[in-house]
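Colleague: I'd like to learn how to read a model like this one. Could you take me through it feature by feature?

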Amino acid sequence: MKHRLAFVFLLAATPAFAVDPTGVPQCDALLKRYEACSGQLSPSQVHAAQKELLDGAVGIRSAATDPAKRPDLERYCADRLELMKRASDIKDCMSKP
């Protein structure tokens, strides 16, 4: 029974969803890497990371339909990924290729 509870906790603490593509390659790379690495966050941070991923993807998809905003999105996502590689709780994972 102990092992079953530990397994259930592990599943609950690990993101098990896939963020749908946004159509902006730089943003898709950021979201995919963040999703892959968010499992390394503390259990109390995982839920917030999942919400941030989903909210971010929705916002990016919405803004990506405006050609005037697309270059800003591309730049923002590329810059955000670089920042998370240098200064985040999961920077080692975010830095992986």
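**Helix turns, pairs and the core**

Modeller: Let's start with two residues, lysine 85 and glutamate 82: both belong to helix H4, where they sit three residues apart, about one turn of the helix. Helices here are DSSP runs of H or I with at least four residues, strands are runs of E with at least two, and both are numbered from the N terminus. Keep in mind that this is a predicted model, where local features need pLDDT of at least 70, side-chain atom pairs count only at pLDDT 80 or more, and totals for chains, interfaces and linings use all residues. Residues are numbered from 1 along each chain as its sequence is written, and side-chain values use heavy atoms, leaving out hydrogens and water.

Colleague: Why look at residues three or four places apart?

Modeller: An α-helix has 3.6 residues a turn, so residues with that spacing point the same way. Side chains of opposite charge can then pair when their charged atoms come close. Here, lysine 85 and glutamate 82 form a salt bridge at 3.2 Å, N to O. The term needs a side-chain nitrogen of Lys or Arg within 4 Å of a carboxyl oxygen of Asp or Glu.

Colleague: How many salt bridges does the whole structure have?

Modeller: Four. Over in H3, aspartate 55 pairs with lysine 51 at 2.6 Å, and they are four residues apart, about one helical turn.

Colleague: Which residues of H4 are buried, then?

Modeller: Leu73, Cys77, Leu81 and Met84. Look down the axis of H4 and they fall within an arc of 70°, so they line one face of the helix. That arc is taken from the directions from the helix axis to the C-beta atoms. These buried residues pack against H2, H3 and H5.

Colleague: What about H3: how far does that helix reach?

Modeller: Its 22 residues span 32 Å from first C-alpha to last, close to the 32 Å expected. You get the expected span as 1.5 Å times one less than the number of residues. Buried residues of H3 include Val46, Leu53 and Ile60.

Colleague: And which residues touch the most other members of the largest nonpolar core?

Modeller: A nonpolar core is a set of buried Ala, Val, Leu, Ile, Met, Phe, Trp, Tyr and Cys residues joined through side-chain atoms within 4.5 Å. In this one, with 22 residues, the answer is Tyr34, Ile60, Leu73 and Met94. Helices H2, H3, H4 and H5 each give two or more residues, and H3 has the largest share, with seven.

Colleague: What does methionine 94 contact, beyond its neighbours within four places in sequence?

Modeller: Contact means heavy atoms within 4.5 Å. Among its partners are Leu30, Tyr34, Leu81 and Met84, and Lys85, from our opening pair, is on the list as well.

Colleague: How much of the whole chain is buried?

Modeller: Of its 97 residues, 30%. The chain has five helices and zero strands.

Terms used: Buried < 20%, exposed > 50% of the residue type's maximum accessible area, 1.4 Å probe, protein only.
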